[in-house]
Amino acid sequence: MGTYNIENTNVRNSRQNLKFHFHEVYEVYLFLNGEIAYHSESISKKLERGDLILCNPYSFHCSQLMEECDYERIVINIDRSLLQSIYSGDADLSKCFDNANGGINLYHLSESETEKFTKISDMLSEEIATGGFGSEAMINAYLTELMVLVNRHATAEVVNPDGSAMPEIVLNTLKYINEHLTEDISLDAIGEALHHNGDYISRRFRESTLLTISQYMTAKRIIMAEKLLMQGTSPTEACFSCGFNNYTHFARTFKEVTGYSPREFGR
C-alpha cells in the first residue's frame, strides 16, 4: 500500500548485524527465535521469545546476532498517517508508543499472545500478497486487530533492560552525545567526560553500532533539522540550532541524507 510493510524473517546461519539506523515510520518488532541482542539509545537487551519492541519514528536502534544461528522475527513498519486513518472512536492505536524510553517501548508477550500475534500477521501477509475484492478493508482490519492486541498489552510492566548486552562505555557515549548534540563535540571532550581514552571510546562505539561517532552525530543532527524544518524554522536557523557551524556543509550533508535540500524539504 506504500504506507505499510510487514516482514517475517527466518535467517539461517547468518552473522549479519545491522548498523544503528532509524525509520520515519512506527516499527513493531516481535522476536520469535534465535540469539539476538537489541540495542537502542536507552535500552540494551538480549531478546527472548515474545519480546515486543515498539519503536517511534526517528529512534536509533539495531539488532546484533550474538552467535551464528537461525533466528526469526516479525517486523511491521506503519506510516503515521495510516495509523491515524484507522483510529476508531476513542481507540488511539498509537498510544502504545507513548512514554517511550528514548523512543523505544519494550514489552513481553505471553506464549498465547505471541501465537495470536503471529497468526494475525500471517493472515495479513497473505492478504497483502494475494489481494482481491475488499483487500484494503481486510488489510486495515487485520492491522487494527494487531494494534489493538499490542495496545491492550501495553499496560503491562516494561521489561527491565539487560545492561550487559551493550558495553556501558557505549551507552554512556550515546547519552553524552545526545545531551550535548547542539554543541561542538570533540572526541577529546567525550574522553574527558567519560574518563577514558578517546581512541578506545571510538573503537568500542564502532564495534557496537557499526557507525563512527561522527556518523552518528551527523545523523542525529539531521533528524533534529528535519523536525525543525517541518515546524517552519528557516534552513539557516535550523542549521545553527542543530550544531552545524557552516551552512554549506549542512546543506550538502542534509541533501546526501534526505535527498532534498533544506529549502526543498521545508516546502
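In the predicted model described here, Phe22 is partly exposed, with a relative accessible area of 22%. In this scale, buried means under 20% relative accessible area, exposed over 50%, and partly exposed in between, with a 1.4 Å probe and protein chains only. Phe60, by contrast, is buried, at a relative accessible area of 1%. Residues are numbered from 1 along each chain as its sequence is written, and side-chain values use heavy atoms, with hydrogens and water left out. Because the model is predicted, local features need pLDDT of at least 70 and side-chain atom pairs count only at pLDDT 80 or more, whereas totals for chains, interfaces and linings use all residues.

Ten aromatic pairs are present in the structure. The ring centres of Phe22 and Phe60 lie 5.4 Å apart and the planes meet at 50°, so this pair is tilted. Rings of Phe, Tyr and Trp (its six-membered ring) pair if their centres lie within 6.5 Å; planes under 30 degrees apart count as stacked, over 60 as edge-to-face and the rest as tilted. The pair links distant parts of the chain, 38 residues apart: Phe22 belongs to the loop between strand 1 (4-14) and strand 2 (26-33), and Phe60 to the loop between strand 5 (51-55) and strand 6 (61-65). Helices (H or I, at least four residues) and strands (E, at least two) are DSSP runs, numbered from the N terminus. Phe22 and Phe60 also belong to one aromatic cluster together with Tyr58, Phe205 and Tyr216.

Tyr58 is buried, with a relative accessible area of 7%.

The ring centres of Phe254 and Phe265 are 5.4 Å apart and the planes stand at 80°, so the pair is edge-to-face. Phe254 lies in helix 9 (residues 247-258) and Phe265 in helix 10 (residues 262-266), so the pair ties together parts that are eleven residues apart in sequence.

The axes of helix 5 (residues 187-194) and helix 6 (residues 198-209) come within 8 Å and cross at roughly 95°. Axes are lines fitted to C-alpha atoms, for helices over the stretch in contact, and angles run from 0 to 180 degrees between N-to-C directions. The two helices are therefore roughly perpendicular, where angles under 35 degrees count as roughly parallel, over 145 as roughly antiparallel, 65 to 115 as roughly perpendicular and the rest as oblique. Leu187, Ile190, Gly191 and Leu194 of helix 5 make the contact with Gly198, Asp199, Ile201 and Ser202 of helix 6, contact meaning heavy atoms within 4.5 Å. The loop between helix 5 and helix 6 contains His195, which counts as exposed at 70% relative accessibility. Phi of His195 is positive, near 60°, in a residue other than glycine.

Three strands form an open sheet in the order 4-3-6, with antiparallel pairing. Two strands pair if DSSP finds at least two bridges between them. Strand 4 (44-46) and strand 6 are the edge strands, each pairing on one side only. Strand 3 (residues 36-40) and strand 4 run antiparallel and are joined by three bridges. Ala37 stands opposite Lys46 in strand 4.
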